[in-house]
Amino acid sequence: MTTLCEKYRAKCFEDIKGQEIAVSKIFNFFKNFPMKKSMVLHGPAGNGKTSLVHALAFETNSEIIELNASDLRNRGQIDTVIKSASKQKSLFNENKIILVDEVDGLSAAKDRGGIQELIRVIETSSFPVIATANKIWDKKFSLLRKISELVEMKELKHTAVFEILKTICQKENLDVQNNLLLGIAMKSKGDVRAAINDLQTINSETIHENLDERDREDSIFNIMKQIFKDAVNEETISLYDKVGMPLDEIYLWMDENIPLEYSGEELYKAINCLSKADVFRGRIYRQQYWRFLVYQNFLLSVGIASAKKYPKTGFTSYKKPTRILQIWLINQKRAKLKSIIEKYAKYTHTSKKKTMREAKLLLNIISKKPGIQKEIKLDNEEIGFLEKNYC
């Protein structure tokens, strides 16, 4: 199934919101090529770096050769893949752009020589080379920074993110209240991709109560991204401290998403760590050995992160745990039922306990009587709940 992120990726400059300076600079860079042969777009994840390059290709009728740095881990691969593309003209378009996405991945590669070879390719390329990066200030990129035009893409304002979400809702015929869209936009901290994923989550009727608590840097989505994709470091073991979520719930998130990132030997190692974490969890509850929490945390963080052979890049659409969804849906249904019963009991001066015993009969009656619904002041969500479950 196509995600909303993929479906509504910006296709032209008009679709790029809140990055007017970057749009102007990338167009001037292309127009003045080869005054500068390369450009690096850098900034936080999810703010449209890759989309801006695709929009440039559309506006200039250019073929785009897109390569991910994680797939170019040594000099030989870069020489084979990029060097030939940097010399040959496009068969179907007027121009060509070479995009090296997430160039940060070269710094963590197992083999050496990748960055130096990329620089040599840039210097001899017949076409503009554009790289994207979240973090470009590592000393390993000093030569790349020196020969490239650097363009920082800022975090989008929440108003721009809100407009993007609103447009998507209109095109998808989604009835989502503006205050909820605004809440998603504000809590995304400029990460459009995270905001759109939250919107799709709501459309799928999964958990959205915690959206008000979203902090892009500390959200479970970004924690999973660091666990699954980044190299293990001294901060890995403390990642879950930031998310404010119990380890039992984190366990469910890992269980749901490990197969989306790992396969083969990596999958085996990650599941093995997950199962051992579950063993410690059982001992904690049976024997009240709370000191075992440190082992459970270690296995869920460092253990799963160490299962990969090398750091990964690219976007993965993580899923919310199915079991949490089922619990949430049951709780939501009970909450709506309780709210309606309480309003009816108050209006009829009947005890809540007695009314609850007769809930099934009463709800069937209320669902067919708009007059009663109006009298006891049911809101639209409560009326919708009755229509869905009792009419």
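Trainee: Which residues have the most contacts inside the largest nonpolar core?
Mentor: They are F228, I250, M254, L300 and I304, in a core of 31 residues. A nonpolar core here is a set of buried Ala, Val, Leu, Ile, Met, Phe, Trp, Tyr and Cys residues joined through side-chain atoms within 4.5 Å. Buried means under 20% relative accessible area, exposed means over 50%, and partly exposed is in between, with a 1.4 Å probe and protein chains only.

Trainee: And which helices each supply at least two residues of this core?
Mentor: Helix 10 (220-229), helix 11 (247-261), helix 12 (264-287) and helix 13 (293-305) do. Helix 11 gives the most, with seven residues. Helices (H or I, at least four residues) and strands (E, at least two) are DSSP runs, numbered from the N terminus.

Trainee: Before I go on, what am I looking at?
Mentor: This is a predicted model, where local features need pLDDT of at least 70, side-chain atom pairs count only at pLDDT 80 or more, and totals for chains, interfaces and linings use all residues. Residues are numbered from 1 along each chain as its sequence is written, and side-chain values use heavy atoms, with hydrogens and water left out.

Trainee: Got it. What does L300 touch?
Mentor: Leaving out residues up to four places away in sequence, L300 touches I227, Y240, L247, I250, Y251, M254, L274 and A277. Contact means heavy atoms within 4.5 Å. Apart from this core lies another, of 20 residues, among them I16, I26, L52 and V151.

Trainee: Let's switch to charges. How many salt bridges are there?
Mentor: The count comes to seven, a salt bridge being a side-chain nitrogen of Lys or Arg within 4 Å of a carboxyl oxygen of Asp or Glu. One of them joins E261 and K229, with the closest N and O atoms 3.0 Å apart.

Trainee: Why does that pair tie together parts of the chain?
Mentor: Because E261 lies in helix 11 and K229 in helix 10, the pair ties together parts that are 32 residues apart in sequence.

Trainee: Are E261 and K229 buried or exposed?
Mentor: Both E261 and K229 are buried.

Trainee: Which residue does E266 form a salt bridge with?
Mentor: Its partner is K312, and the closest N and O atoms are 3.0 Å apart. E266 sits in helix 12 and K312 in the loop between helix 13 and helix 14 (322-348), so distant parts of the chain, 46 residues apart, are linked. E266 and K312 are buried as well.

Trainee: What about D278 and R281?
Mentor: Their side chains meet in a salt bridge of 2.6 Å, N to O. Both lie in helix 12, three residues apart, about one turn of the helix. D278 counts as partly exposed, at 29% relative accessibility.

Trainee: Back to helices. At what angle do helix 12 and helix 13 pack?
Mentor: The angle is about 170°, and the axes are 8 Å apart. Axes are lines fitted to C-alpha atoms, for helices over the stretch in contact, and angles run from 0 to 180 degrees between N-to-C directions. Helix 12 and helix 13 are therefore roughly antiparallel to each other, a label for angles over 145 degrees.

Notes
Parallel < 35°, antiparallel > 145°, perpendicular 65-115°, else oblique.
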